[in-house]
Amino acid sequence: MDVIELELLAKCIQGDLDAFGVLINKYSIQVYNTLHRILGNEEDAQDVSQEVFIKIYKNMHTFKGKSEFSTWLYRITINCAKDFNKKKKIDLLIDDTKDIEQEFSYEKSSNPEAAIEEVEKRELVLKELMKLKKNQRMIIVLRDIQGLSYEEISKVLSISIGTVKSRINRARIQLRQALLETPFDFKKGGH
Amino acid sequence: MDCKRCNELISDNIDNKISNWDKEEMDKHLKSCRKCSNNFRITKEIVDSLNQLEEVKPPQDFSANVIKEIKTGKGNKKMSFKRFLSYAAVLVCGVFVTAIVLQWPFSKNDYYSSDTMAMQEESAYRTMGDLNGAEITEDKLDSDLGITDGGEMSYNNVFDRDKIIYHGDINLDVKDSEKASKDIRDYIEAQGGFIENSYSNKSDENRNEPYTNHSYIVFRVPASKFNQTMEKLKEFGEETSTNINSTNVSTQYRDIESEKQSLEIQEDRLLNYLKEAKKVEDMITIESELNRVRTNLNRLNTELTNYDRLIDYSNITVNLRESKTLTTTIKSPFGQLIENISKGFISSINLLLQSIAFIIVLTFRLIPFLVILLPIAWVIKKYVLKR
């Protein structure tokens, strides 16, 4: 953690809302992105992100600086996502891919044909990701989308590195098997 | 290396979490096994796609919204209200279920409700002067005795209807106290009663007070005509208050009677001894003893006659108050209004207190159920909701 961030956090703990605004701007993409991928839609991602930052603000004093701030933030993000899922009591099997389609629509129109295939692939991967079990999806989001290290994941989810390893492996196998059943031809080999 | 082991290591390989030895072994296997090499390639492709995903950005005003939310404290309240609602719903359901299972506690069988019923009956008869009230008191005394004497005596023995002393008080507003008191005396005499005490006071005519002359009469009427007389007295003026009370003296009466009987037996014996006595000294001793017994007997007889008199003739006190502004003509509704308000207020408070007591009792009644229900709820929460 650098000195500037430590100073920023100290101000936030004192209740400085301006400083907290800066903190939000710095980390909102991380939180929002994670939640968007886990929850599967913008609306819920926004609501829960807001909840995460309010929780952060209220519990700022409990952050002891032993771990990285971003790790702590991820932990709260994941907990809020779990709470939200519990509350909604839905498995979040996203049937409509509206969000995903919208997201890729501009790429379809502006890129040459070679890219279309790539876009189509990402779309499918994302769709199948949403069909995974919550725990598996969570670990894939943290590892492959947010790019956290195994050590970080083990801290965020409070599980051992061995468990992280095996869970990632299982989730990836699951995702691969699901994608092999889709019309997209993964089998044909390299481009 | 077999395919199974290879499959396990694919993920580790992609993330470079694999030992050099394993990596070499795996490369060898991938060259020879088409299936595994395909799996490896596809997994790598998937991971790459995920790595290359576009970042989604939160809306522009996200930070401002969060700050606003923190300032107003709105977000927090929303959640706690929801939580409160769910707790409230559970509580209400619990109350209803328990009420059905354990019967509604405001039924007659329950502790506090029966008390209030009795209180209501009592106060009703006091305020309204309803003569049926006397009967309620009798019943009450009856049950009281039944409790204190335990199950030793049978119902009929405990309650001797004849050994009850009635006492009535009645306050009346009248136009002319002299005329009213004369009418009352006439009526009492016609009933076979008699005046015990009477008093009247005439105040200065010139002083302008709402109540000027007043008088009171204490009289006795035969107990059989007590209720009838009390009812009739209300017709002589405007009743302001009535009070009837009764004392059950059956026990005392019985005690005196039995004491009297034993003294009589003693007296008979002493008389026999006296007849057979030969010595003068003996005679004197017996005589003095006989004297003591007879004195006691006389005392008891007097007590019994006193009781009999009190029982046979009920005591009624009539207070007469001469009122210049007698309200028989125009009845103001406001007096009753205030009374009604206070009645309503009191009954509401009573209901509230009863409810609180009910909830407290219910909480304790529920504890045994909670012991069973809480683990079940916990299991449901843990395994069903989490899925």
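This is a predicted model: local features need pLDDT of at least 70, side-chain atom pairs count only at pLDDT 80 or more; totals for chains, interfaces and linings use all residues.
Residues are numbered from 1 along each chain as its sequence is written, with chains lettered from A in the order in which they are written. Local features require pLDDT of at least 70 and side-chain atom pairs pLDDT 80 or more, whereas totals for chains, interfaces and linings use all residues; side-chain values rest on heavy atoms, without hydrogens and water.

Rings of Phe, Tyr and Trp (its six-membered ring) were paired if their centres lie within 6.5 Å, with planes under 30 degrees apart classed as stacked, over 60 as edge-to-face and the rest as tilted. The contact crosses between chains, joining helix H3 (residues 42–59) of chain A to helix H4 (residues 62–72) of chain B; helices are DSSP runs of H or I with at least four residues, numbered from the N terminus. A:Phe53 is buried at 1% relative accessibility, and B:Phe62 is buried at 4% (buried: under 20% relative accessible area; exposed: over 50%; partly exposed: in between; 1.4 Å probe, protein chains only). One aromatic cluster comprises A:Tyr27, A:Phe63, A:Phe69 and A:Trp72.

A charge sits over a ring if NZ of Lys or CZ of Arg is within 6 Å of the ring centre and within 35 degrees of the ring normal. The charged end of B:Lys17 is placed over the ring of A:Tyr150, 4.9 Å from its centre. B:Lys163 lies over the face of B:Tyr253, at 4.1 Å from the ring centre.

Zero disulfides (pairs of cysteine sulfur atoms within 2.5 Å) were found over all chains. A:Cys12 is buried at 1% relative accessibility, while B:Cys93 is partly exposed, with a relative accessible area of 47%.

Methods. Helices (H or I, at least four residues) and strands (E, at least two) are DSSP runs, numbered from the N terminus.
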